[in-house]
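Welcome, and please open the model in your viewer. We will go from stop to stop, with something to select at each.

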Amino acid sequence: MRLYLASTSPARLALLRQIGIEPVVLPSEVDEDAAVDAENAARLAGGRAPLTTTELVQLLAEAKAEAVVSALATLPLEALPDGEPVDGFVLGGDSAFELDGVAHGKPHRPEVARERWLAQRGRTGVLHSGHWLVDHRGGRRQGAAGRTDQAELTFADDISDAEIDAYVASGEPLLVAGAFTIDGLAAPFIRSITGAPSAVIGLSLPVLRDLLGGFGVSWTELWEPGSGEHPSSP
């Protein structure tokens with residue numbers, strides 16, 4: 001059974017590899033800002049409230065997976081992985097960090113990352129992770145399902161300005177939701193996590209397992225042969 005990842009996120013790819021899954025990466029071409037702006041404009045026109053953070057990550061996760069599925073229908077076989085029809089599941093994901101009711105995605109710029117760290121130092125926020133799984137077994141769309149997950153994080157209150165400056169200068173926080181990682185340089189700054197740690201990395205593994213189960217598939221069916229084996233000690 002093959003999993004196709006509609007994302008170029010190194011963190012999601014590494015996370016899946018850690019649990020024995022080697023996905024095929026199929027990047028989506030979704031303009032995230034445009035998708036969110038269009039949905040909020042439609043809501044405003046209909047007298048509805050703007051997207052919540054939970055709704056935002058789910059909207060983008062679905063958009064990414066569906067963009068890849070739509071592209072598959074127009075691509076010649078030679079342009080597809082291994083020259084074969086996509087036979088398996090297409091997974092889209094998105095994440096955002098919420099603090100004081102405001103959703104924060106990737107800061108992109110150092111000054112934005114620094115401002116966020118000054119604001120979240122010593123505070124508790126929520127990391128929202130959206131998931132959309134398309135059943136594309138047999139080379140055609142069979143169905144889809146999605147779900148979100150949340151994890152609450154508390155940051156240390158004694159992080160110095162110098163530590164923040166050094167972390168921002170590393171470049172790591174610029175391209176990750178919330179301007180931090182738990183599997184990288186920011187790990188020592190996080191005091192506690194309530195919820196699935198994998199959701200903070202960008203993909204809730206319990207949710208992925210549940211979604212696969214909803215299609216009658218065990219997540220172990222996605223394991224690569226030899227997963228879990230370790231070299232013998234000398």
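Helices (H or I, at least four residues) and strands (E, at least two) are DSSP runs, numbered from the N terminus, and two strands pair if DSSP finds at least two bridges between them. This is a predicted model, where local features need pLDDT of at least 70, side-chain atom pairs count only at pLDDT 80 or more, and totals for chains, interfaces and linings use all residues. Residues are numbered from 1 along each chain as its sequence is written, and side-chain values use heavy atoms, leaving out hydrogens and water.

**Stop one: a hairpin.** Select β5 (residues 124–136) and β6 (residues 143–155), an antiparallel pair with 12 bridges. Six residues lie between β5 and β6 in this hairpin, and Gly138 in the turn has a positive phi of about 80°. Now pick Val134, which stands opposite Ala144 in β6.

**Stop two: the next strand.** Thr154 has Ser192 in β7 as its bridge partner.

**Stop three: a core.** A nonpolar core is a set of buried (under 20% relative accessible area, 1.4 Å probe, protein chains only) Ala, Val, Leu, Ile, Met, Phe, Trp, Tyr and Cys residues joined through side-chain atoms within 4.5 Å. Which members of the largest nonpolar core touch the most other members? Select Phe97, Trp117, Leu153, Phe180 and Val200, out of 21 residues. β3 (88–99), α4 (110–120), β6 and α5 (161–170) each supply at least two residues of this core.

Note on methods:
Buried < 20%, exposed > 50% of the residue type's maximum accessible area, 1.4 Å probe, protein only.
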